[in-house]
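Let's take a friendly walk through a protein model together. Have a look at the sequence and the structure, and then we will visit a few spots one by one.

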Amino acid sequence: MTPSDLACQAPDHRLISLQSTCLIAAWLHEQQQPVDPVLAGSGLSPSDLQTPARLITPEQEQQVFANTVALAGDPLVGLKLGQRMRVSAYGQLGYAMLSAPTLLDALQVMLAFPVLLGSYFRLQLESLPDGLLALRADHYHEAPALQLFNVELCLSSIKAMLDDALGRPLPLQAVHLSGELPAHAEHYPDFFGTCPVQVGQSAERLVFAADALQASLPLAEPVTHFEAVRQCRSVQDSFRPEASPLISQLSAQLEQQLDAPPSLEQLAAQLHCTSRTLRRHLQRAGCGYQQLLDRLRFQRAKLLLNREQVPIYAIAEQLGFSETASFRHAFQRWSGTTPRAWRQQLPSATPAH
């Protein structure tokens, strides 16, 4: 899997959680300020904040953001709020990131569930020269007056999430801004570390060394990660009215049968529909049956490789490969490296046969 494969685009029509609005309310409460003014014009009331699972529209959240900027009188408000968005505040998405084997896996999770992340940008990993990578944010389509607030909220919150996942600050090589240097940029080191800020760029970016993606995470736990990712998929599907419940059922069925993957026709029988119906739903979802199977196999393979006591031949069997060589070739196609090389990058890895 290459960096260009790791991208997420926030849907144009979606519902989002009250998470950010609740965070702003908590911030105001700490400063002994009333909440009502920041909710003005949003159609939300303070009582709504007692049910954070409630879904609202992006327009409602942007109204809250606009009120916050107008009332705060603090140019650093976007940066400060972003820094408060710790990874644990993201529910199952946060647990899936914290329990991932490596920073790459945590980023894959973050980019795979844009609805849960709630970003107003398209996010993707981008390869740069000199062994650098960037988390790129572009395609901003909200109010121009709120762009800097949303940029700083996005970049500082992602930096906070990755720091939490790593258990230490992620060293940045640079921060890229598409606009001009804001007057308060002298405070950027408090949020991004002492790295250069480059303006007039083609997109907003957090730039870091490529080898940082292989960093092992201190709270990695395969079973928790697997279950949290499954929950993320379920929650994201429920947030998107256009998502096909049939595809979610298909994925769940496949996850339970990776040791002997059924054919599309067999899956259709299990789901009490026709293979033609399944193909149509897969086409609407933008993927084929083999692509979905490969995605689930790759996810499971990484979890099993993190368990040093499981031999590679046993992993091949658990993923339905009749020969270890076939699994090795497939894994190299998915990741660009072999299962053995992937495992050796993990801390305290021991040889497996």
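How do the residues of the lining of the second largest pocket divide into nonpolar, polar and charged? Turning to this predicted model, we find 20 nonpolar residues, 9 polar residues and 1 charged residue in that lining.

## The pocket

Let's stay with this pocket for a moment. The second largest pocket has a volume of about 570 Å³. It is lined by 30 residues, and the closest to its centre are Ser-17, Gln-19, Tyr-90, Leu-116 and Leu-117. Where does the lining come from? Several elements supply at least two residues each: strand E2 (16–17), helix H1 (19–30), helix H3, helix H5 (92–98), helix H7 (114–117), helix H8 and helix H10 (222–239). Helix H8 gives the largest share, with 5 residues.

## The whole chain

Now step back and look at the protein as a whole. Its secondary structure comes to 17 helices and 8 strands. The protein has 353 residues, and 51% of them count as buried. Among contacts between residues at least 6 apart in sequence, 70% join residues at least 24 apart.

## Aromatic rings

Next come the aromatic side chains. A pair of aromatic rings is described by the distance of the centres and the angle of the planes. This structure holds 7 aromatic pairs, and two of them are set out below.

| Ring pair | Centre to centre | Angle between planes | Type |
|---|---|---|---|
| Phe-65 and Phe-149 | 5.1 Å | 55° | tilted |
| Phe-327 and Phe-331 | 5.9 Å | 55° | tilted |

Take the pair of Phe-65 and Phe-149 to begin with. Phe-65 lies in helix H3 and Phe-149 in helix H8, so this pair links distant parts of the chain, 84 residues apart. Both Phe-65 and Phe-149 are buried. The pair of Phe-327 and Phe-331 has another setting: both residues lie in helix H16 (residues 324–335), 4 residues apart, which is about one turn of the helix. Are these two buried or exposed? Phe-327 is buried, with a relative accessible area of 0%, and Phe-331 also counts as buried, at 0% relative accessibility.

Phe-327 and Phe-331 belong to a cluster as well, in which ring pairs link them with Phe-298 and Phe-321. The charged end of Arg-297 sits over the ring of Phe-321, 4.2 Å from the ring centre. The charged end of Lys-302 sits over the ring of Phe-298, 4.3 Å from the ring centre.

## A proline beside the rings

Which residues does Pro-339 touch, not counting residues up to four places away in sequence? They are Leu-305, Ile-312, Phe-327, Arg-328 and Phe-331. Pro-339 is found in helix H17 (residues 339–344). Its relative accessibility is 1%, so Pro-339 counts as buried. Lys-302, the residue with its charged end over the ring of Phe-298, is 37 residues from Pro-339 along the chain, and the C-alpha atoms of the two are separated by 8.6 Å.

## A glutamine in helix H3

Helix H3 (residues 58–72) also holds Gln-60. Is Gln-60 buried or exposed? At 18% relative accessibility, Gln-60 counts as buried, because the cut-off for buried is under 20%. Leaving out residues up to four places away in sequence, Gln-60 touches Ser-42, Gly-43 and Leu-44.

Our last stop is the backbone. Most residues other than glycine have a negative phi. With that in mind, find His-139 and His-272. Phi of His-139 is near 60°, a positive value in a residue other than glycine. His-272 likewise has a positive phi, of about 60°, although it is not a glycine.

Where do these histidines sit? His-139 is found in the loop between strand E5 (132–138) and helix H8 (147–166). His-272 has its place in the loop between helix H12 (264–270) and helix H13 (275–285). His-139 is partly exposed, with a relative accessible area of 39%, whereas His-272 is exposed, with a relative accessible area of 74%.

Key: Residues are numbered from 1 along each chain as its sequence is written. This is a predicted model: local features need pLDDT of at least 70, side-chain atom pairs count only at pLDDT 80 or more; totals for chains, interfaces and linings use all residues. Side-chain values use heavy atoms; hydrogens and water are left out. Buried means under 20% relative accessible area, exposed over 50%, partly exposed in between (1.4 Å probe, protein chains only). Contact means heavy atoms within 4.5 Å. On a 1 Å grid over the protein atoms alone, a cavity is a set of points where a 1.4 Å probe fits but cannot get out, and a pocket is an open set with protein on both sides within 12 Å along at least five of seven lines; lining residues have an atom within 4 Å of a point. Grid points are joined across faces, edges and corners, and a volume is the space filled by probe spheres set on the points. Ala, Val, Leu, Ile, Met, Phe, Trp, Tyr, Cys and Pro count as nonpolar, Asp, Glu, Lys and Arg as charged, and the others, Gly among them, as polar. Rings of Phe, Tyr and Trp (its six-membered ring) pair if their centres lie within 6.5 Å; planes under 30 degrees apart count as stacked, over 60 as edge-to-face and the rest as tilted. A charge sits over a ring if NZ of Lys or CZ of Arg is within 6 Å of the ring centre and within 35 degrees of the ring normal.
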